[in-house]
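Biologist: I am new to this one. Please show me the structure, and then I will ask how you know what you say about it.

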Amino acid sequence: MRSALSSGEAERLRVDAQLSIGEVARACGVDQSTVWRWENGVRKPRGVAALAYAELIESLRLRSSSTDERETA
């Protein structure tokens, strides 16, 4: 997850999935500004919120890869 944040992949996945920062924040139980800080490298996710964010990013990654596979088939 941290490499996804530092590379910008996490934000790209969120945007590609058409999720707002607010939607991600609610899913992780944090404030919108917290997600913004994560995506911009100001802070690193920790604790329960980090686990929720990691699960969300992984699900978006899987969704993205299955969409890519369908588009190339």
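Biologist: Which residues of helix H4 (residues 32-39) are buried?

Modeller: Val35, Trp38 and Glu39 are buried in H4. Buried means under 20% relative accessible area, exposed means over 50%, and partly exposed lies in between, with a 1.4 Å probe and protein chains only. Helices are DSSP runs of H or I with at least four residues, strands are E runs of at least two, and both are numbered from the N terminus. Before we go on: this is a predicted model, where local features need pLDDT of at least 70 and side-chain atom pairs count only at pLDDT 80 or more, while totals for chains, interfaces and linings use all residues. Residues are numbered from 1 along each chain as its sequence is written, and side-chain values use heavy atoms, with hydrogens and water left out.

Biologist: What follows H4?

Modeller: Gly41 does, and its phi is positive, near 75°.

Biologist: How many aromatic pairs are there?

Modeller: The count is one aromatic pair. Rings of Phe, Tyr and Trp (its six-membered ring) pair if their centres lie within 6.5 Å; planes under 30 degrees apart are stacked, over 60 edge-to-face, and the rest tilted.

Biologist: Why is the pair of Trp38 and Tyr53 called tilted?

Modeller: The ring centres of Trp38 and Tyr53 are 4.8 Å apart, and their planes meet at 55°, so the pair is tilted. Trp38 lies in helix H4 and Tyr53 in helix H5 (residues 47-72), so the pair ties together parts 15 residues apart in sequence.

Biologist: Why do Trp38 and Tyr53 count as buried?

Modeller: Trp38 has 4% relative accessibility, so it counts as buried. Tyr53 has a relative accessible area of 1%, so Tyr53 is buried too.

Biologist: How many salt bridges are there?

Modeller: Five salt bridges. The rule asks for a side-chain nitrogen of Lys or Arg within 4 Å of a carboxyl oxygen of Asp or Glu.

Biologist: What makes Glu39 and Arg14 a salt bridge?

Modeller: Their closest N and O atoms are 2.7 Å apart. Glu39 lies in helix H4 and Arg14 in helix H2 (residues 9-16), so the pair ties together parts 25 residues apart in sequence. Glu39 and Arg14 are both buried, Arg14 with a relative accessible area of 9%.

Biologist: What does Arg14 touch?

Modeller: Leaving out residues up to four places away in sequence, Arg14 touches Leu19, Ser20, Ile21, Val24, Glu39 and Leu60. Contact here means heavy atoms within 4.5 Å.

Biologist: Which side chain does Arg61 meet in a salt bridge of 2.9 Å?

Modeller: That of Glu9, at 2.9 Å from N to O. Arg61 lies in helix H5 and Glu9 in helix H2, so the pair ties together parts 52 residues apart in sequence. Arg61, Glu9 and Glu58 are linked in a network of salt bridges.

Biologist: Why are Arg61 and Glu9 called partly exposed?

Modeller: Arg61 has a relative accessible area of 29%, so Arg61 is partly exposed. Glu9 is at 21%, so Glu9 counts as partly exposed as well.

Biologist: How far apart in helix H2 are Asp16 and Arg12?

Modeller: They are four residues apart, so about one helical turn separates them. Their side chains meet in a salt bridge of 3.0 Å, N to O. Arg12 is partly exposed, with a relative accessible area of 40%.
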